[in-house]
Amino acid sequence: MQGERPGDAAGDALARAEEAELAARRDSLVSPLADADESAIESALRPRRLTDFTGQARVREQLSLILTSALRRGRPPDHLLLAGPPGLGKTTIAMIVAAELGALLRVTSGPAIERSGDLAAVLSTLSEGEVLFIDEIHRLARPAEEMLYLAMEDFRVDVVVGKGPGATAIPLDIAPFTLVGATTRAGLLPAPLRDRFGFTAHLDFYAPGELEHIVRRSAGLLGVRLTDEAAAELAARSRGTPRVANRLLRRVRDYAEVRADGQVTLEIARAALELYEVDARGLDRLDRGVLDAVVRRFGGGPVGLSTLAVALGEEAETVEVVAEPFLVRCGLLARTPRGRVATAAGWAHLGLDPPASLAELPTLFD
Ligand SMILES: Nc1ncnc2c1ncn2[C@@H]1O[C@H](COP(=O)(O)OP(=O)(O)OP(=O)(O)O)[C@@H](O)[C@H]1O
Ligand SMILES: [Mg+2]
């Protein structure tokens, strides 16, 4: 039965949010989602081993323990769940897990598995110790999800043969394997699935110093000459996201090659990113438009979402789902019960003095 479940509505909302993101940031360099033609370059820049992987120190240490102990015991490790926003390294870590174990890696995704038969075909052909990576695991169809429960726990699948009253389930043993699931929304996973993972790694946005290191490493791989100041500048504008950092690097490289001698200096990086409309904190045109409207047109707020959206000529969803989260995360904008309010940092970011009354705001809305 294809029953409704609470996760479905939330899953649809997520898919819509990703579509909104893709549509609203089609020409933006700071979208956390991968472009269709970005996968080849991304795989060239992926760290292959845990020691090459920058940042996420806690996750790295946790994984290192799990993998080392599994190797010592000569048994596949527990199933692993990787949770976190797009572009932070989930796919990269899944590949590293297989490489560290010296295991084969099978890659699929929730949306690619339409029927439970598709999953049965994958599971029954796994070899012992293989790593099965299911990306976007929160989008797995329910019958497949139920098949996965049994496979994860007992290394068994029930293959249903025939239809109607004569249908029989034939149990089929499968080789012990390790499932690595990735999700941008751990909260959407049904509890029985979440509980079957032995370990969940929560990935967080990267610190500027970590992104600087990543940018310098990528520059080395791409053969781009990059000064330390330029690396720091790119890191500061990358919104805590390695995917964005690598993308900014490629665009400033283009600029340096065409307009200068190929070396990316601080001046070149700044000029290029001004041209591409990525500002000092990584805000793009849409983000700045939202902040600018709140401050300049509505005196800093509070202003309601729909009024703000109309003033910008954008969909309310675009403002709320695509632009606001980052503005809130950097402390430039606050969502309050009475509407959106620009913070003192928000005013300062636009080069304006905040009104004196704002000094009291944080206590009001904290
Ligand atoms: N810690 C890191 N060190 C170096 N590069 C990284 C790191 N994390 C991610 N990257 C780079 O960022 C890019 C995106 O990473 P990845 O594809 O693993 O993200 P993801 O979390 O799987 O994103 P999505 O949710 O969109 O699938 C890759 O090119 C990868 O090389
Ligand atoms: Mg991925």
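Two strands are taken to pair if DSSP finds at least two bridges between them, where strands are DSSP runs (E, at least two residues) numbered from the N terminus. The model examined here is predicted: local features need pLDDT of at least 70 and side-chain atom pairs count only at pLDDT 80 or more, while totals for chains, interfaces and linings use all residues. Residues are numbered from 1 along each chain as its sequence is written, and chains are lettered from A and ligands numbered from 1 in the order in which they are written.

By an automatic or database domain assignment, the protein chain falls into domain 1 (56–202), domain 2 (208–275) and domain 3 (285–365). The centres of domain 1 and domain 3, taken over C-alpha atoms, lie 41 Å apart.

We may turn now to the strands. Five strands with parallel pairing build an open sheet in the order β2-β3-β6-β1-β7. At its edges are β2 (105–109) and β7 (199–202), each of which pairs on one side only. From one strand to the next, the twist averages 20°, with axes being lines fitted to C-alpha atoms and angles running from 0 to 180 degrees between N-to-C directions. Within this sheet, β3 (residues 131–135) and β6 (residues 178–183) are joined in the parallel sense over 4 bridges; Leu132 has Leu179 in β6 as its bridge partner.

Between β4 and β5 come 6 residues, and Gly162 in the turn has a positive phi of about 85°.
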